[in-house]
Amino acid sequence: MIEIQELTFKYKDSKKNALENISLDIQKGDFVGIIGESGAGKTTFCNCLNGLIPHHYNGDFYGSVKIEGEDTFEIKPDKLALKVGSVFQDIESQIVSYFVEDEILFGLENFGVPKEEIEGRITSALQALGIEDLRHREISTLSGGQKQKVVIAAIVALEPDYLILDEPTGELDPASSLQIFELLKKLNEEKGITVIIAEQKIMLLCEFVKKLLVLEKGTVVHYGEIRSTLTHQKEMEEAGINCPRVLTLTGRMVEEKLTPADLKNEDRICLNAEEAAAFVKKYAGGR
């Protein structure tokens, strides 16, 4: 479990806090989405979880972040990296090798994984991401989506308990973005990896994550189970987040009294087009 208590951080030379008094828990096995407009603190929050803050970014750090009971302030980054794997916005900056196999091998050797385990881990990681056919390819010849999968495979090979991704689909087309989320869901469900992902594409978050964390100017607006959090649509929009159109649709149906008067707010929350179609058919199909 990740336990965050009264976390506040201000970058060196900044006049205001990037994060302000955040307290929450992330349970093992969770799939958490982080949403917020640019400057809301998503990247800073991710860097507090993976230990880059306070070990690599200077500033004023208050409160605590504990991973399985260990305070990140006291854990060396190389040790923490074996528990918490990270995928950053700039994929190119995270790639260090020419070939796919070498990219995965680099982390395993760097962290001292026994030689007898290396081949099995490389093969398993490639299979988990569905990229066995890319093993001997030059990374420079790969598409953006393929490079993203290679970086994730290199992290998965280290067998972390937590996987933190900072806007990993920012440069990808819709089809590739969907594929990345499907892979993350598979890793979460089949390997038990806790996934924490900052993302601007809220429809993808709604369809895949279990919980949603909404940030505004470094503070938590809402955090909880996805359907429950989405009932706070008005507050999310005030925080600069464009909520899914399916929520606007079902909300309008409620306003137009096309649904029962006693319909609970959470019962009108649809996470994808299929759920929205079923909702419309149920309450407005005969009108």
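This is a predicted model: local features need pLDDT of at least 70, side-chain atom pairs count only at pLDDT 80 or more; totals for chains, interfaces and linings use all residues.
Local features were taken at pLDDT of at least 70 and side-chain atom pairs at pLDDT 80 or more, whereas totals for chains, interfaces and linings use all residues. Residues are numbered from 1 along each chain as its sequence is written, and side-chain values use heavy atoms, with hydrogens and water left out.

Helices, defined as DSSP runs of H or I with at least four residues, are numbered from the N terminus. Helix α5 (residues 100-110) packs on α6 at an angle of about 125°, the two axes lying 10 Å apart, where axes are lines fitted to C-alpha atoms over the stretch in contact and angles run from 0 to 180 degrees between N-to-C directions. This angle makes α5 oblique to α6, given that angles under 35 degrees count as roughly parallel, over 145 as roughly antiparallel, 65 to 115 as roughly perpendicular and the rest as oblique. On the α5 side, Val100, Glu101, Ile104, Leu105, Leu108 and Glu109 meet Ile118, Arg121, Ile122 and Leu126 of α6, contact being defined as heavy atoms within 4.5 Å. The residues of this contact of α5 with α6 comprise seven nonpolar, no polar and three charged; Ala, Val, Leu, Ile, Met, Phe, Trp, Tyr, Cys and Pro count as nonpolar, Asp, Glu, Lys and Arg as charged, and the others, Gly among them, as polar.

Gly130 is found in the loop between α6 (115-129) and α7, and is partly exposed, with a relative accessible area of 47%; buried means under 20%, exposed over 50% and partly exposed in between, for a 1.4 Å probe and protein chains only. Although Gly130 and Lys149 are 19 residues apart in sequence, their C-alpha atoms are 8.6 Å apart in space.

Helix α7 (residues 144-156) and helix α8 (residues 174-190) pack at an angle of about 15°, with axes 11 Å apart, which makes α7 roughly parallel to α8. The contact involves Gly145, Gln148, Lys149, Ile152 and Val156 of α7, together with Gln179, Ile180, Leu183, Leu184 and Leu187 of α8; by class, six of these residues are nonpolar, three polar and one charged.

In helix α12 (residues 245-255), the buried residues are Val246, Leu247, Thr250, Gly251 and Met253. Viewed down the axis of α12, these residues fall within an arc of 155°, so they line one face of the helix, the arc being that of the directions from the helix axis to the C-beta atoms. The buried residues of α12 pack against α10 (226-230), α11 (233-238) and α13 (273-284), while the face turned away from the buried side carries the exposed residues Arg245, Arg252 and Glu255.

Note on methods. Helices (H or I, at least four residues) and strands (E, at least two) are DSSP runs, numbered from the N terminus.
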